Structure formats: structure tokens, C-alpha cells
Amino acid sequence: MSGTFYITTPIYYVNARPHLGHAYTTIVADVAARFHFMTGQETFLLTGTDEHGDKVVRAAKAENLSPRVYVDKISALFKALWPQLNIRYGAFIRTTDPAHILVVEQILKKIHAAGDIYFSEYEGLYCFGCERFYTERELVNGRCPDHETEPEVIRESNYFFKMSRYQDWLIDHITRNPDFIRPERYRNEVLSFLKEPLEDLCISRPKTRLEWGITLPFDPNYVTYVWFDALLNYVSALGYPDGDRYRKFWPKAQHIVAKDILKPHGIYWPIMLKAAGIPLYQHLNVHGYWNVDQSKMSKSLGNVVEPLELKNVYGLDAFRFFLMREMAFGLDAGFNEVSLINRINSDLANDLGNLFSRVLAMAHKYFDGVVPAMDPAVEKEFTLELEQDAAGTIAAYAGDMESFAFHKALATVWEFINRLNKYIDVTAPWELAKKKSSLKQLEAVIYNLLEGLRIISGLIYPIMPDTAETMHRHLGMEPDPDAFKLERLKKWKTIAAGQKLPKSVTLFPRIDPEKRQLAAQTDSDPAPIVVKPEISIEDFRKVDLRVATVIHAERLPRARKLLKIEIDLGEKRTIIAGIAESYAPEELAGKQIIIVANLKPAKIMGVLSNGMLIAASEKGKTAVATLDGKIAPGTPLN
Ligand SMILES: [Zn+2]
């Protein structure tokens with residue numbers, strides 16, 4: 001196959017920090033892009049952030065920041081996360097990018113000129129949380145179904161997009177293209193929405209109520225935001241209307257969304273495209289939710305560990321594998337640490353890891369780590385079914401990957417892994433090794449097993465790119481991403497005989513579920529530094545930093561992590577600090593430390609803590625900041 005493949009994630013709304021749901025959607029996009037690369041296509045992955053609207057203004061206010069500074073900060077968190085998850089995106093779009101704003105203006109003008117946008121007074125029930133009007137029918141017991149708050153009656157003049165005009169056309173399109181929206185349950189859901197008359201879409205807000213949006217090109221008193229802003233990112237990021245990327249990739253566009261934004265992507269967006277004279281996307285791929293089972297998750301400082309942190313504990317590839325294997329794309333799935341450990345132990349350590357170590361150990365033991373040649377005299381007898389099975393596996397896998405059935409594709413790969421394990425049992429290489437007369441047979445068996453592993457390394461590449469490359473290297477292959485392309489994978493007998501194999505490694509160590517804890521964190525890449533917004537020297541001077549000498553420290557009963565510390569600050573004070581896992585109480589006496597002296601006192605475990613010591617924490621280990629030289633207690637630092 002050749003051609004292009006364009007995949008998008010939704011642009012993530014910056015009113016909250018990235019979480020498991022964002023990570024899952026974006027990993028799916030990366031897996032799909034890597035798979036399409038394997039089919040020989042040129043791929044482009046788009047992600048980014050959605051930065052306009054009331055909720056952003058409110059979130060910024062809550063942190064005492066301007067919307068601009070706030071969106072820069074949260075957008076940077078998203079941007080920094082993706083490389084940590086080994087996601088390779090082609091572009092990261094922000095709806096505050098000037099180039100995006102130009103495209104929004106251009107398309108609004110076009111649709112307005114064509115008569116599909118009109119001005120009208122509207123009175124309706126508005127949910128501030130959702131930033132949208134609700135019809136009575138959509139409310140649950142008179143309340144917003146998402147926020148469970150009563151919407152307010154708002155009357156105002158606004159611009160509306162005539163969606164109703166395109167309703168029949170859309171029904172027809174979805175009916176004729178059964179996989180336009182997939183999996184099927186979501187297609188059916190959209191078709192059932194469309195059985196009711198479609199209401200026109202309010203696309204503006206008066207500037208008196210919201211300024212943080214894109215000014216309408218035909219009315220400076222209004223802004224647009226949400227759909228006419230956000231959805232258009234999918235074309236603006238490619239350089240619509242005449243960019244090379246737009247021409248190359250838009251015809252092959254596919255979107256990935258979670259089911260909460262099915263309606264805008266399955267209804268508003270195709271109608272907007274139609275009205276703007278832009279060809280429709282090819283597929284909308286819709287996934288379900290992760291339900292995090294908090295009772296089966298580790299705790300750190302008393303809080304349930306964020307699912308995303310588990311990538312640092314168990315390794316990124318295992319984390320990606322779990323997400324892709326555990327969830328049937330389209331349905332909801334449960335996320336918890338126990339299932340993650342079970343998957344790692346059974347699928348990764350046992351099935352894949354053992355096969356890999358077993359085969360390489362035999363290659364080292366019987367052939368000194370040199371790839372044996374396969375003699376044509378025994379080739380047919382020892383290979384035929386395996387080669388066919390591999391071809392069948394690749395074909396089934398490709399079909400499932402193509403249609404976003406990742407869990408099925410992986411199940412197919414694991415059948416092949418089991419097939420190879422059985423091949424070892426049936427051919428019993430240890431028996432063949434006993435007699436000189438069966439050397440050729442032994443050579444054929446080991447060679448075929450190495451080939452089988454080569455194919456597996458390729459098939460897991462989209463999901464576990466690092467593991468794929470490690471396996472590949474240990475099969476004596478040169479690093480070459482093209483080696484994972486399906487055309488090359490399919491060719492049996494690709495590994496060159498005579499090739500020296502490096503010493504084997506353990507791909508996935510087994511995890512003892514009893515000992516799971518975050519202290520066992522691996523040396524993953526350090527998180528990128530996101531510096532907080534600038535402050536003035538006056539702001540800094542508000543913090544009263546003082547030198548203090550520790551007089552005495554003791555543990556607090558029933559609080560594993562806390563120490564109660566008496567300090568001399570020119571006056572005597574008590575503070576509570578969460579450093580008991582890194583310091584014994586007696587270590588601290590006499591130390592000169594730095595205290596935030598004017599922090600509002602707080603009661604912690606029944607004790608009033610009056611001030612806070614300065615310390616740095618990394619992966620559960622804490623180091624208290626101390627002074628380099630004796631200074632009188634109470635001396636200010638700034
Ligand atoms: Zn709401």
C-alpha cells in the first residue's frame with residue numbers, strides 16, 4: 001500500500017491538566033500512525049490544544065493569571081507530555097495560533113456569504129459549565145446531564161449556523177458509508193440523533209459576555225469559539241486551503257475522539273465541511289471511557305496514584321501495551337494497577353519475554369550466538385506451516401489494526417507467540433542437539449524461531465516501539481525503521497545467516513504484585529521542566545524566608561510520612577513536614593534549615609504547623625534545603 005494517512009486527536013481543552021483519557025486517545029493516534037507507516041504510507045499525526053472560551057477564562061482567574069499566560073502554561077504541559085509517551089506528532093496546533101485564526105475567519109466569511117449563517121434573537125436554557133444552550137428535552141430532571149446544575153435562562157441575539165438544511169444530506173451520507181463513523185454502535189447513535197429535527201447551532205457570543213474567542217469577521221461585537229473555532233483546527237493545521245500538507249493529507253483524514261464529543265464530530269463537523277465546500281473526512285473513530293478503580297491503585301502521600309504515573313513505575317511500553325490490549329476500542333474498560341501487573345506478567349514477561357529469552361539462549365548455546373543457515377534439504381519439512389502461519393497472522397493483524405480493533409490485532413500476535421512456543425515443544429531442539437546427525441534440523445529450527453521473533457518484533461512496533469527495536473537489535477539486525485514495514489516483515493528468511501547475535505536481555509521482568517510500590521520507580525526520562533509564570537521581585541518579597549535551627553524532631557503517631565519539628569526561629573515554633581520517609585528524627589537536630597515564616601498556619605493531624613520548611617522531592621525521596629555556614633536563627637533570606 002502507498003499513499004497518505006492523516007490522523008487527528010481532538011485538541012484538548014486547557015481548563016485542566018492532562019490525564020489518562022488524553023493519553024489514551026493520543027497513544028491510539030500514535031499507534032495508528034505507526035501502523036500506517038508500516039503499510040508504506042506517509043503519515044501525519046495532529047494534536048494540540050483548544051484555548052478559547054468561558055471555562056478557560058474562569059480557570060485562569062482561579063489561578064490569578066491572564067487567559068494568555070494560563071493557556072501558554074497548560075498547553076506546554078500537554079506538549080511536554082507527548083514525547084514522554086513516545087508519541088511522534090507532525091504538528092501541535094493551538095487555537096490561539098494566528099494562522100488558525102485566519103482560517104477560521106476565512107471559512108466563517110465563506111459560509112456567511114453563502115447564507116448559512118444568520119442573526120437571530122434567542123432565549124434559552126444555558127449551562128455555564130458546558131458553555132451551551134440546552135433544549136428541555138436534553139435536560140435530565142431539569143438539570144444539565146453533565147453538571148447536574150439547573151441551567152439559567154438567557155436571552156440574547158446571536159449568530160446561528162443553519163444545520164437543519166443539511167440534515168437529510170448527512171443521513172444519506174452516513175447510510176451510504178457504513179464505516180464513516182465507527183465502531184457501529186456510534187454510527188447508530190448518530191443516526192438516532194438525526195431522527196429528530198436538527199436545531200441550528202449557535203456559533204457566537206456577544207463580547208459583552210465573552211472576549212476570549214475569535215472575533216467574527218462580519219461583526220466585531222461578537223466572538224466565535226467552541227465548534228467553529230475548535231473543529232476547524234483539523235484543516236487549518238494542514239494549511240487550508242492551498243497548503244501542500246492540506247492537499248496531500250486532508251483526503252485521507254481520520255479523527256479519533258472519545259464518545260463524549262461524538263455529536264460535534266459526527267454531526268456538526270461534517271455539516272460544517274459540507275457548507276464550506278470541503279470534502280468530508282474518511283472515518284470518525286470513537287472510543288469509550290477508562291474507569292479507574294481506585295481501590296486497586298497504589299497510594300503515594302495518601303493519594304491514589306495518577307494512572308499516568310504508572311508508566312514510570314512499570315515502563316512506558318508495558319503501559320502502552322496495557323492500554324491497547326485491555327480496551328476493546330469503542331467500549332469502556334477498567335483501569336487498575338492489578339490488571340496492569342497481570343498483563344505484564346502473563347502477556348509480556350511470560351509469553352513474549354520467555355519466548356524471546358528461550359530462543360536466544362538456544363542460539364547462543366548451540367551456535368555460539370551466530371545465526372545458523374537453513375539447509376534447503378530440511379527447510380520445507382521444518383518451515384512450511386510456520387511461514388504460512390506468519391503470513392496469516394500478518395494479514396489478520398493488518399485488517400484489525402486498520403479498523404482500530406487493536407485488542408484483536410494483539411490477540412492475533414499472541415496466538416502466533418503461542419504457536420512458536422508450541423513449535424519449540426514439538427521440534428524439541430534439545431533432543432536434536434544430542435546427535436550430530438540432526439544438526440541440519442537443529443539449524444532449521446533455531447533459524448525459523450529467530451524469523452518468527454523478527455516478525456513479532458515488527459508487529460508489536462506500533463504499540464511498543466522501544467521493545468520492538470530492542471528485539472530487532474538482539475536478532476542481529478541493523479537499526480532501520482523500514483525493516484518493520486509489512487512488505488519486509490512478510491519476507492520469510494530475512495535474517496542473514498552468519499550474523500552475530502548480541503547477548504540476550506530480559507525484555508520484561510516479572511513483577512511481584514505484593515511488592516508493587518512507587519518507590520520502585522525506574523530511571524525514566526526526567527519530566528521536562530515547566531517553569532511557573534514570571535513574578536516580580538515584589539511578589540517574591542512577599543514570601544518571608546528565614547533561617548531556623550532544628551531543636552528537636554519526632555514522629556507523629558499514625559502518620560508514616562510526617563515529622564513534628566520544633567524549631568528556633570528567633571522564637572520557638574512547631575512545624576509538620578512530610579519527610580519521615582527520608583529522615584530519621586534524630587538526624588535533624590542541630591540542622592539549619594530554611595522556613596517560609598509567613599505561611600498561614602494549618603492544622604495537620606491535630607497539630608498546628610506554623611511555617612513550612614523548604615525541601616525537594618524526587619520519586620519519594622526528599623532532601624531538605626540546609627545552610628552552608630552558621631547563621632543566627634531568624635535571619636531573613638530575602
Ligand atoms: Zn453543563
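In the predicted model, helix H15 (residues 406-427) has 22 residues, which at 1.5 Å a residue should span 32 Å, and its end C-alpha atoms are 32 Å apart, in agreement with that value; the expected span is taken as 1.5 Å times one less than the number of residues. Just after H15, Ala-428 adopts a positive phi of about 40°. Helices (H or I, at least four residues) and strands (E, at least two) are DSSP runs, numbered from the N terminus. Residues are numbered from 1 along each chain as its sequence is written. The model being predicted, local features need pLDDT of at least 70 and side-chain atom pairs count only at pLDDT 80 or more, while totals for chains, interfaces and linings use all residues, and side-chain values use heavy atoms, with hydrogens and water left out.

Helix H12 (residues 316-326) packs against helix H13 (residues 337-367) at an angle of about 95°, their axes lying 10 Å apart, where axes are lines fitted to C-alpha atoms, for helices over the stretch in contact, and angles run from 0 to 180 degrees between N-to-C directions. That angle makes H12 roughly perpendicular to H13, a term that covers 65 to 115 degrees. The contact (heavy atoms within 4.5 Å) involves Ala-318, Phe-321, Phe-322, Arg-325 and Glu-326 of H12, together with Ser-339, Leu-340, Arg-343, Ile-344, Asp-347 and Leu-348 of H13.

Leu-475 lies in the loop between helix H18 (465-474) and helix H19 (486-490) and is buried, with a relative accessible area of 0%, buried meaning under 20% relative accessible area (1.4 Å probe, protein chains only). Leaving aside neighbours within four places in sequence, Leu-475 is in contact with Leu-360, Leu-450, Leu-453, Arg-454, Ile-495 and Leu-501. The C-alpha atoms of Leu-475 and Lys-500, which are 25 residues apart along the chain, are separated by 8.5 Å.

Five strands form an open sheet in the order S21-S20-S19-S22-S25, with antiparallel pairing; two strands pair if DSSP finds at least two bridges between them. Strands S21 (572-577) and S25 (612-613) stand at the edges, each with a single partner strand, so one side of each is left without a neighbour in the sheet. Strand S22 (residues 592-596) runs antiparallel to S25 and is joined to it by two bridges, with Ile-595 opposite Leu-613 in S25.

Strand S26 (residues 615-618) pairs with S27 in the antiparallel sense over four bridges, and Glu-618 stands opposite Lys-621 in S27.

Technical notes. Angles under 35 degrees count as roughly parallel, over 145 as roughly antiparallel, 65 to 115 as roughly perpendicular and the rest as oblique. Buried means under 20% relative accessible area, exposed over 50%, partly exposed in between (1.4 Å probe, protein chains only).
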